[in-house]
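Please look over the sequence and the model below. A short report on selected features follows it.

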Amino acid sequence: MTTGKGSSAAAKQGISFFERYLTVWVALCIVAGIVLGKVAPGFAQALDGMAIYVNDAPVISIPIAVCLFFMMYPIMVKIDFGEVLKAGKAVRPVGITLIINWAIKPFTMYAIASFFLGTLFLTFIGPDAVDYVKMPFGMNLDVGVEYGSGKVVLVEGVKMLEVPLWRSYLAGCILLGIAPCTAMVLVWGFLAKGNDGHTLVMVAINSLTMLVLYGVLGGFLLGVGKLPVPWQALLLSIGVYVALPLVAGYLSRKWLIASKGETWFREKFLHVLTPVTITALLATLVLLFSFKGETILNNPLTILWIAIPLLIQTLVIFALGYILSKAMGLTYENAAPTAMIGASNHFEVAIATATMLYGLSSGAALATVVGVLIEVPLMLLLVKFCLKTQNWFPHDSPSESAGK
């Protein structure tokens with residue numbers, strides 16, 4: 001979800017070694033987390049126990065909140081919202097992207113994930129398998145009370161909500177489906193030889209749109225999926241994981257450029273921040289898999305059951321964006337990023353929200369991590385597809401703008 005002149009310059013250097021092999025690092029974190037859970041099971045639990053409690057239920061894990069802030073801040077500090085003003089010059093691609101991201105993608109994700117996890121793969125996941133997630137934030141329910149598809153139970157003296165495991169996975173998929181654009185979307189657009197200006201505009205617009213629609217769509221779809229989340233929990237999640245780093249990024253960007261200059265900001269400061277997001281992400285994943293290792297070892301195909309609907313969703317949304325771009329007469333330079341912006345997910349926000357709402361050890365958090373696992377190789381394949389099919393579209397001349 002990066003944007004701004006600095007991020008554009010970074011994208012033109014191509015995908016870095018660290019980013020290119022992100023799937024490998026995620027896989028290594030899975031192994032490291034599982035080993036940690038076996039060798040020192042109390043370590044991650046002790047860290048997650050350092051939490052802010054409301055009504056005897058853990059709401060925010062302090063170590064994870066700190067880690068996730070450093071995951072989000074480097075993304076937000078790169079955003080130059082001045083680019084949003086350029087959106088008026090590209091009405092068609094911007095319109096297609098907004099419709100796909102906010103009017104179509106969340107609902108296709110729900111439908112596809114619900115069908116595969118709740119019907120086709122239910123036997124493999126386990127019809128009676130359950131997950132223990134955090135109590136709904138701000139609610140003090142008695143043990144035995146039913147809430148949505150779950151029931152309040154005591155787990156080691158702490159109130160938790162016992163829910164069907166497949167619905168917990170579904171919640172994670174929903175949170176991915178309503179989080180458009182990742183920190184690497186500018187890289188995908190550059191590698192596909194797309195219009196950098198259009199990508200810059202769209203990620204900035206999606207950042208602002210997310211502040212309003214993420215909670216609305218999340219609350220609605222999670223409720224439909226019988227894992228309702230109180231509005232105050234979603235507002236807190238948006239505030240902590242989107243608004244706070246967004247404001248911190250905006251203010252620090254403005255101050256640093258004013259005091260140090262834009263050249264120093266782009267070439268020095270952003271260079272230092274480049275690995276911070278992924279490092280914070282990987283540290284979070286190690287903790288997550290230290291909790292979920294037992295589940296994976298008992299059912300090693302768990303990741304596959306989650307990955308299949310996520311993969312199908314990505315391909316469906318990409319195809320829809322590409323086809324609509326063709327039908328609307330977009331040039332290739334606008335069509336490629338339009339399709340890929342919709343296909344990619346802002347997995348940092350999804351992981352952060354799943355962790356806050358349901359807990360680090362929840363199936364929802366695991367599902368969002370599977371999104372990270374498949375995104376890099378899949379998006380690289382879509383980049384290659386775009387390059388091979390660019391003759392399907394007319395092309396901009398070098399002097400033409402994003403508004404054509």
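The report starts with the overall fold and then turns to helix packing, charged pairs and individual residues.

**Overall fold**

This is a predicted model. The protein holds 17 helices and six strands. It has 404 residues, and 57% of them count as buried.

**Helices α6 and α14**

Two packed helices are described by the angle between their axes and the distance between the axes. Helix α6 covers residues 91-120, and helix α14 covers residues 302-327. Their axes lie 9 Å apart, at an angle of about 150°. α6 is therefore roughly antiparallel to α14, since an angle over 145 degrees counts as such. The crossing of α6 past α14 is right-handed.

Ser114 belongs to helix α6. Is Ser114 buried or exposed? Ser114 is buried, because its relative accessible area is 19% and the cut-off for buried is under 20%. Beyond its neighbours within four places in sequence, Ser114 contacts Met109, Thr119, Trp166 and Leu170. Arg167 is 53 residues away from Ser114 in sequence. In space, the C-alpha atoms of Ser114 and Arg167 are 8.2 Å apart.

**The salt bridge**

Side chains of opposite charge can pair when their charged atoms come close. How many salt bridges does the structure hold? The structure holds one. Its partners are Arg266 and Glu262, with the closest N and O atoms 3.5 Å apart. Both residues sit in helix α12, which spans residues 262-273. They are four residues apart there, so about one helical turn separates them. Arg266 is partly exposed, at 29% relative accessibility. Glu262 is also partly exposed, with a value of 29%.

**Glu333 and its surroundings**

Glu333 is in helix α15, residues 332-343. Glu333 counts as buried, at 15% relative accessibility. Its side chain makes a polar contact with the side chain of His395, at 2.9 Å. Setting aside residues up to four places away in sequence, Glu333 touches Lys193, Gly194, Asn195, Pro394, His395 and Asp396.

Most residues other than glycine have a negative phi. Lys193 is not a glycine, yet has a positive phi of about 60°. Lys193 is also one of the residues that Glu333 touches. Lys226 has a positive phi too, near 60°. Lys226 is in the loop between α10 and α11 (231-260). Lys193 counts as exposed, at 57% relative accessibility. Lys226 is partly exposed, with a relative accessible area of 45%.

**Accessibility at a glance**

The table gathers the accessibility values of the residues discussed above.

| Residue | Relative accessibility | Class |
|---|---|---|
| Glu333 | 15% | buried |
| Ser114 | 19% | buried |
| Arg266 | 29% | partly exposed |
| Glu262 | 29% | partly exposed |
| Lys226 | 45% | partly exposed |
| Lys193 | 57% | exposed |

Conventions:
Residues are numbered from 1 along each chain as its sequence is written. This is a predicted model: local features need pLDDT of at least 70, side-chain atom pairs count only at pLDDT 80 or more; totals for chains, interfaces and linings use all residues. Side-chain values use heavy atoms; hydrogens and water are left out. A salt bridge is a side-chain nitrogen of Lys or Arg within 4 Å of a carboxyl oxygen of Asp or Glu. Helices (H or I, at least four residues) and strands (E, at least two) are DSSP runs, numbered from the N terminus. Buried means under 20% relative accessible area, exposed over 50%, partly exposed in between (1.4 Å probe, protein chains only). A polar contact is a pair of N or O atoms within 3.5 Å; within protein, one must be able to donate a hydrogen and the other to accept it, and residues adjacent in sequence count only if both atoms are side-chain atoms. Contact means heavy atoms within 4.5 Å. Axes are lines fitted to C-alpha atoms, for helices over the stretch in contact, and angles run from 0 to 180 degrees between N-to-C directions. Angles under 35 degrees count as roughly parallel, over 145 as roughly antiparallel, 65 to 115 as roughly perpendicular and the rest as oblique. A crossing is left-handed if the near helix is turned anticlockwise from the far one by less than a right angle, and right-handed if clockwise.
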